[in-house]
Amino acid sequence: MAQDMTKPRNIGDVLLNVENISIAFGGVKALDGVSFDVREHEILAIIGPNGAGKSSMLNCINGFYHPQDGIITFKGTPRQRMQTHEAAAQGIARTFQNIALFKGMSTLDNIMTGRNLKMKKNLLWQALYFGPALTEELEHRAKVEEIIDFLEIEAIRKTPVGKLPYGLQKRVELGRALAAEPDLLLLDEPMAGMNHEEKEDMCRYILDVNDEFGATIVLIEHDMSVVMDISDRVVVLDYGRKIAAGTPDEVRANQDVIDAYLGVSHD
Amino acid sequence: MFYRESGQFKTSYQKDQQVFPIAQDRIFIALLLVVAFAVVPFVADEYWLQAVIIPFLIFSLAAVGLNLLTGYAGQVSLGTGAFMAVGAYATYKITTAFPEINIVIVFLMSGMVAAGVGIVFGLPSLRIKGFYLAVATLAAQFFILWLFNKVGWFFNDSPSGTITAPPRTLFGIMISGPEATAEVRYFVSLTFLVVFTVIAKNIVRGRIGRSWMAIRDMDIAAEIIGIQPLKTKLMAFAISSFYCGLAGALSVFAWLGGAETEAFSIAISFQVLFMIIIGGLGSIMGSIMGAAFITLVPIFLTNMPAMFGIPMATDLSKHIEEIVFGGLIVFLLIVEPHGFARLWQIGKEKLRQWPFPY
């Protein structure tokens, strides 16, 4: 495993605790009493066959869905029903399975938008683009440039993201999430549709984000070799229920997981 | 050949973020401003200022305002005429009730009133989008004009039902009313346009502009980043209506001299919308180019037969003007759906390589 060769992992206390979460859409139980926790600085992977409820889980964590049952505790405070935009203020950022970038804006503007919550100057200063507003803009520009350097997308800074190839768009989206300096980063299939080389790049970015920025990462991924290589722990969902959790090795050996992925013979 | 940015290196983020990063552009804009302030008023005659240039400036201001809302924040509005009417009637009411307040301050106050009305009619935007929102803003258009027509308080119960610009001075110079010269009214309109265009550009390249574009391009992702949709959309409505209100106030006080609600009809709303579509959605420069096209081309077309000495009945030339104008709009939108702003950009890119495009 990649991280065994580098410095020791310093996994901290529980950052996010998900307890007994259930959500149903009409008759479909997307999530049915799922519980797990995420510790500081770890990389946790959520895996499962299609329709297992992985994306629904992420949507619950960042307040886009409201679970009908169960409690989500983030940074020690249990959270009641909240508006979607509040999750960002609490320090949760995410990327999407189908890229959700602002297509008409440049790479730079997209990543700058990720820092919107950190910018405070009011309309009057903004209108003048002078003094405090300018200073603020330049400070944040400098931070954004660090992220652009980190993701190696300097050359496409001023390109409208709608014109970029898929792999780069995924990278810009990661950049936008990073710009918010989140404590918890949710990645929904960060490697979907990428070739081998792009996947390796993405893995490196994820590990570096975890290492350098200290962000806790929850990711959904279908590529098992990626999941097994980079995650500290794995949670397996099937038909909305958690069927296994543990280190990659434990999960790999779990009979329920094998059954869920390969099917069971009924004879 | 002369339009190159080679050798112009940006050594700080501030320099990289300039509105016109290429030195030649800055020189061009500076020249344009010098011509606008120092040459035009002394060259153009009364007719040109009154019939052509002042309406162009005022509609440019309204188009910039609508572009903030529709082009940047993605909220389609057909209430422009109504918001202009609010600005005009508010100016009239405030300046007749408190004649001692400086007229420029009254203009700004009326903009605020229009902003407030804009917020109220922007409320449905949280729930409805696109064409449906456009229809909802039609409510503003019809309701406000009806109100200004029916309730005598708004036009001080004048028997004609119109509002007229009373004489007002700034630094001892008459800037509105029958005695204000066209040159002075031109200066007033131009100053407002320049100042508020700069402000608009500053807003759209900062935090607020980015949150508008985020809402326009992908509202769910914007919300997850922490942008509050309601607040952001209402701010767009408020600022846009402020601009429209200001344009409405200027159109009565610096251009028409008097108006009834007919001057702010739905036709005006459509006209301003066409300006930003033809000029380019999401471009401040495009708004002004679109306004120039929509206000100047019909005048040019009307005068063309006379210029070439072709005798033609007025009604016939008017009809031909409308046909040609409509055809031009269709042609332009087919050739370049993104409007003049995009054409301008392509032109500049071509110019950079000229005359050796290899």
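# Reading a two-chain predicted model

Me: What should I know about the model and its labels before going on?

Reply: This is a predicted model, in which local features need pLDDT of at least 70 and side-chain atom pairs count only at pLDDT 80 or more, while totals for chains, interfaces and linings use all residues. Residues are numbered from 1 along each chain as its sequence is written, and chains are lettered from A and ligands numbered from 1 in the order in which they are written.

Me: Which residues does Tyr243(B) contact, leaving aside its neighbours within four places in sequence?

Reply: A contact means that two C-beta atoms, placed from the backbone, lie within 7 Å. By that test Tyr243(B) meets Leu61(B), Ala62(B), Val64(B), Gly65(B), Leu68(B) and Phe196(B).

Me: How do I read the overall build of chain B, starting with its secondary structure?

Reply: Helices (H or I, at least four residues) and strands (E, at least two) are DSSP runs, numbered from the N terminus. Chain B has 14 helices and four strands. Its radius of gyration is 21 Å, close to the 21 Å that the globule rule gives for 358 residues, so chain B is as compact as a globular protein of that length. That radius is taken over C-alpha atoms, and the rule is 2.2 Å times the number of residues to the power 0.38. The C-alpha trace of chain B spans about 70 × 60 × 45 Å along its principal axes. Buried residues make up 43% of the 358 residues in chain B. Among contacts in chain B with a separation of 6 or more, 75% join residues 24 or more positions apart.

Me: Is helix H8 of chain B buried or exposed?

Reply: Eleven of the eleven residues of H8(B) (residues 207-217) are buried, so the helix is largely enclosed by the rest of the structure. The buried set includes Arg207(B), Arg210(B), Trp212(B), Arg216(B) and Asp217(B). Its cover includes H4 and H5 of chain A, along with helices H3 (46-72), H7 (182-204), H9 (219-225) and H10 of chain B.

Me: And is Phe20(B) buried or exposed?

Reply: Phe20(B) is exposed, with 12 other C-beta atoms within 10 Å. You will find Phe20(B) in the loop between helix H1 (13-16) and helix H2 (23-43) of chain B. Not counting residues up to four places away in sequence, Phe20(B) touches Asp25(B), Arg26(B) and Ile29(B).

Me: How many residues does each chain bring to the contact between A and B?

Reply: Chain A brings 33 residues and chain B brings 23 residues. On the side of chain A that touches chain B, helices H3 (84-90), H4 (107-114), H5 (123-128) and H6 (132-150) each give two or more residues. That side divides into 20 nonpolar, eight polar and five charged residues. Here Ala, Val, Leu, Ile, Met, Phe, Trp, Tyr, Cys and Pro count as nonpolar, Asp, Glu, Lys and Arg as charged, and the others, Gly among them, as polar.

Me: How far apart are the centres of the two domains of chain A?

Reply: Domain bounds come from an automatic or database domain assignment. The centres of domain 1 and domain 2 of chain A, taken over C-alpha atoms, are separated by 27 Å. Their contact takes nine residues from domain 1 and seven residues from domain 2 of chain A.

Me: Which strands of chain A pair with strand S3?

Reply: Two strands pair if DSSP finds at least two bridges between them. Strand S3(A) (residues 43-47) runs parallel to strand S9(A) (residues 233-238), joined by four bridges. S3(A) also pairs in the parallel sense with strand S8(A) (residues 216-220) over four bridges. Ala45(A) has Leu219(A) as its bridge partner in S8(A) and Val234(A) as its partner in S9(A). Five of the five residues of S3(A) are buried: Ile43(A), Ala45(A) and Ile47(A) point one way, and Leu44(A) and Ile46(A) the other way.

Conventions
A residue is buried if 20 or more other C-beta atoms lie within 10 Å of its own, exposed if 12 or fewer, and partly exposed in between; C-beta atoms are placed from the backbone.
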